[in-house]
Amino acid sequence: MLPLVFWKPFGESRTFYYIVGMIFCCSPAFANILARKLTNEGFNDMKLHLNLRGHFRWYLVAFFVPIIVTFCGTILVAIAHNKPIIADGVDLLDFSTAIFMLGSQAAVFSLIGVGEELGWRGYMNDKLEALFGTFGACFIGGVIWGFWH
């Protein structure tokens with residue numbers, strides 16, 4: 001199925017692939033919401049409850065670590081390939097542009113990650129753990145996650 005999704009119906013449009021990729025990456029979250037709606041399960045145990053009191057620093061860490069990792073990874077790839085270009089027309093030497101672009105990219109990737117985690121951990125993991133225990137849930141969930149990727 002995935003090769004069909006990324007078949008080039010729109011020529012070389014990168015925008016199309018980014019949009020399709022984001023929708024695909026958020027499909028576990030969409031499946032979670034749809035399953036809960038169809039089964040009248042409700043949304044109370046969806047793991048969306050923020051508890052900032054006493055935990056605010058961990059929310060900051062969870063927000064900034066993916067941005068820092070994405071930034072460092074992109075810089076390392078640019079250095080390893082001996083190319084100062086990070087994206088079309090953006091020169092690594094134009095530091096402010098590079099920082100903004102990489103921060104934006106990391107923020108988008110973080111949102112994609114939320115879409116995945118909401119489906120895998122917010123729904124599938126709980127259902128599997130009730131049936132197969134922690135180890136079974138990790139193993140079966142890992143196999144499903146691996147095939148999905």
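User: Is Trp-120 buried or exposed?
Analyst: The model is a predicted one. The relative accessibility of Trp-120 is 12%. The cut-off for burial is under 20%, so Trp-120 counts as buried.

User: Which residues make up the largest nonpolar core?
Analyst: Nonpolar side chains tend to be buried together in soluble globular proteins. Trp-148 is buried at 18% relative accessible area. The largest nonpolar core has five residues: Trp-120, Met-124, Leu-128, Ala-137 and Trp-148.

User: How many aromatic pairs does the structure hold, and what is the geometry of the pair Trp-120 and Trp-148?
Analyst: There are three aromatic pairs in the structure. In the pair of Trp-120 and Trp-148, the ring centres are 5.4 Å apart and the planes stand at 75°. An angle over 60 degrees is the criterion here, so this pair is edge-to-face.

User: What is the geometry of the pair Phe-135 and Phe-139?
Analyst: Phe-135 and Phe-139 are four residues apart in helix α5 (residues 95-148), which separates them by about one helical turn. Phe-135 is exposed at 67% relative accessible area, and Phe-139 is exposed at 53%. Their ring centres are 6.4 Å apart with planes at 15°, so the pair is stacked.

User: Which residues do ring pairs link into a cluster?
Analyst: Beyond four places in sequence, the contacts of Trp-148 include Phe-24 and Trp-120. Ring pairs join these residues into a cluster, namely Phe-24, Trp-120 and Trp-148.

User: How many residues apart in sequence are the parts that Glu-41 and Lys-127 tie together?
Analyst: The side chains of Glu-41 and Lys-127 form a salt bridge at 2.3 Å, N to O. Glu-41 lies in the loop between α3 (27-38) and α4, whereas Lys-127 lies in helix α5, so the parts tied together are 86 residues apart.

User: Which residues are linked in a network of salt bridges?
Analyst: Arg-36 and Glu-41 meet in a salt bridge at 4.0 Å, N to O. Arg-36 is buried, with 2% relative accessible area, while Glu-41 is partly exposed at 28%. Glu-41 also has a salt bridge to Lys-127, and the network links Arg-36, Glu-41 and Lys-127.

User: About how much accessible area does the nonpolar patch on the surface have?
Analyst: The patch is formed by Leu-50, Leu-52, Phe-56, Leu-60, Phe-63, Phe-64 and Ile-68. One of these, Ile-68, is found in helix α4 (residues 56-80). Together the patch residues have an accessible area of about 700 Å².

Note on methods
Residues are numbered from 1 along each chain as its sequence is written. This is a predicted model: local features need pLDDT of at least 70, side-chain atom pairs count only at pLDDT 80 or more; totals for chains, interfaces and linings use all residues. Side-chain values use heavy atoms; hydrogens and water are left out. Patches are made of residues with over 30% relative accessible area and no salt bridge: like charges are joined within 9 Å, nonpolar side chains (Val, Leu, Ile, Met, Phe, Trp, Tyr) within 5 Å. Accessible areas come from the Shrake-Rupley method with a 1.4 Å probe; for residues, only the protein chains shown count as cover. Helices (H or I, at least four residues) and strands (E, at least two) are DSSP runs, numbered from the N terminus. A nonpolar core is a set of buried Ala, Val, Leu, Ile, Met, Phe, Trp, Tyr and Cys residues joined through side-chain atoms within 4.5 Å. Buried means under 20% relative accessible area, exposed over 50%, partly exposed in between (1.4 Å probe, protein chains only). Contact means heavy atoms within 4.5 Å. Rings of Phe, Tyr and Trp (its six-membered ring) pair if their centres lie within 6.5 Å; planes under 30 degrees apart count as stacked, over 60 as edge-to-face and the rest as tilted.
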